[in-house]
Amino acid sequence: MTEFYSFLEHLLYENECVIIPQLGGFVVNAKDFTFNEQEGKIYPKKKYVAFNEKLKTDDRLLSTEWAKKRAISLKEASLEIAELSKRIKSELTSSGTVQLGVLGTFTLNQENRISYLPNPDFNADLSVFGLFPVGLGQIPARVEKKPVLIPAITTEDLPEISSTGHQQVKLTKSVYVYALLAFLIGGLGAFFLTAPATNQSQSSLNPIKIEKKVDVAPAKTVAPAVVDTLSVKTIEEPVVAPLNTPEINDEDVIYLVAASFQSLKQAEKGLKEFKSRGFNQAEIILKNEQTKFYRISLGTEHSMDAGYAKASELKAAKKVDIWVYKAL
């Protein structure tokens with residue numbers, strides 16, 4: 001069994017779902033970088049493994065890869081896989097727990113159903129192989145500053161101002177005399193410089209030149225044209241507020257996958273079969289750099305809980321096993 005568990009581990013590095021017939025399917029889910037504030041560490045992104053007991057239909061992936069590894073026929077590989085599935089069930093019934101190598105542990109709950117406990121240290125993402133959590137050191141605890149109350153200043157706390165501290169300035173008579181003389185001299189000087197006389201205007205010794213005023217006809221001012229504002233009508237167009245439409249992120253789309261194929265021709269054939277059974281929303285999910293299979297989706301949801309609920313509904317109504325798949 002150790003060889004089989006190690007084989008499952010390597011398949012999950014390259015595939016997003018591996019189904020053991022009549023037992024369940026292992027599904028790979030992606031998780032982004034996380035920061036643990038209590039530990040002060042940044043953990044790299046990872047792909048963790050979950051188990052879905054409802055995925056029991058054989059999609060031929062496990063038997064095909066097992067036949068290649070063992071160099072046997074596909075029929076012999078299917079029989080060996082079925083036998084291994086029975087051995088896991090038998091060991092789980094007898095001992096109540098089964099260790100699946102580095103993947104995790106199977107246990108039976110109170111409802112006699114399989115419960116899967118994944119290994120937290122297992123990461124199916126080979127792109128971050130060798131990366132370890134990065135510590136940021138000890139983060140100092142936040143110290144809340146308490147407000148300090150400042151007592152209000154009352155009239156009793158104000159210093160007393162005594163009238164003895166001010167000294168009166170006494171003005172002598174000479175100050176008044178100098179001020180009066182300065183006022184008289186300034187006034188006489190201003191009078192002789194600004195007030196013209198007839199005899200001064202004809203004298204050549206007068207330093208002040210008086211220019212004769214020439215009467216100039218005032219310029220005609222043209223009144224600005226008055227615009228009749230009442231005749232102009234302004235039409236205000238109503239402002240239409242933009243509609244707030246919620247944006248749907250492609251990463252939130254959950255696909256309800258019913259089958260997967262290695263070639264596009266087989267996927268198109270499977271699509272016709274599902275549409276003939278009444279699944280008009282069925283579509284093919286093309287493979288990309290991270291996935292190696294063409295998948296047939298019978299619909300989409302926007303959360304994992306809604307996806308599992310829809311999968312249970314389709315199984316009860318249409319007798320179809322659904323794999324809830326989140327795009328990577």
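**Entry 1**

I began with Glu80, which counts as partly exposed because its relative accessibility is 28%. I noted the cut-offs: buried means under 20% relative accessible area, exposed means over 50%, and partly exposed lies in between, with a 1.4 Å probe and protein chains only. This is a predicted model, where local features need pLDDT of at least 70, side-chain atom pairs count only at pLDDT 80 or more, and totals for chains, interfaces and linings use all residues. Residues are numbered from 1 along each chain as its sequence is written, and side-chain values use heavy atoms, with hydrogens and water left out.

Which residue forms a salt bridge with Glu80? I found Arg70, with the closest N and O atoms 3.7 Å apart. A salt bridge here is a side-chain nitrogen of Lys or Arg within 4 Å of a carboxyl oxygen of Asp or Glu. Arg70 sits in helix H2 and Glu80 in helix H3 (residues 74-95), so the pair ties together parts 10 residues apart in sequence. Helices (H or I, at least four residues) and strands (E, at least two) are DSSP runs, numbered from the N terminus. Arg70 is partly exposed, at 38% relative accessible area. I also saw that Glu3, Arg70 and Glu80 are linked in a network of salt bridges.

**Entry 1: other salt bridges**

I looked up the total: the structure holds seven salt bridges. One of them joins the side chains of Arg295 and Glu16, at 3.6 Å from N to O. Arg295 lies in strand E12 and Glu16 in the loop between helix H1 (2-14) and strand E1 (17-20), so this pair ties together parts 279 residues apart in sequence. Are these two buried or exposed? Arg295 counts as buried, at 4% relative accessibility. Glu16 counts as buried too, at 4%.

Next I checked Glu53, which forms a salt bridge with Arg113, the closest N and O atoms being 3.6 Å apart. Glu53 is in the loop between E5 and helix H2 (61-70), and Arg113 is in the loop between strand E7 (104-108) and strand E8 (114-118); they are 60 residues apart. Arg113 counts as partly exposed, at 40% relative accessibility.

**Entry 2: Lys46**

I turned to Lys46, in strand E5 (residues 46-52). Lys46 is buried yet has no salt bridge. How far away is the nearest side chain of opposite charge? It is Asp121, 6.7 Å away. For charge, Lys and Arg count as positive and Asp and Glu as negative, while His and the chain ends are not counted. A polar atom of the Lys46 side chain lies 2.8 Å from the backbone oxygen of Pro120. Beyond four places in sequence, Lys46 touches several residues, including Asn29, Phe122 and Asp125. Contact means heavy atoms within 4.5 Å.

Lys275 is in helix H6 (residues 264-276). Lys275 counts as partly exposed, at 40% relative accessibility. Leaving out residues up to four places away, Lys275 touches Asn280 and Ala282.

Lys292 lies in the loop between strand E11 (283-285) and strand E12 (294-301). Lys292 is partly exposed, at 48% relative accessibility. Outside four places in sequence, Lys292 is in contact with Glu14 and Lys287.

**Entry 3: the whole chain**

I ended with the totals. The protein chain has seven helices and 13 strands. Buried residues make up 25% of its 328 residues. Of the contacts with a separation of 6 or more, 59% come from residues 24 or more positions apart.

Note on methods. Polar contact = N/O pair within 3.5 Å; in protein donor to acceptor, adjacent residues only side chain to side chain.
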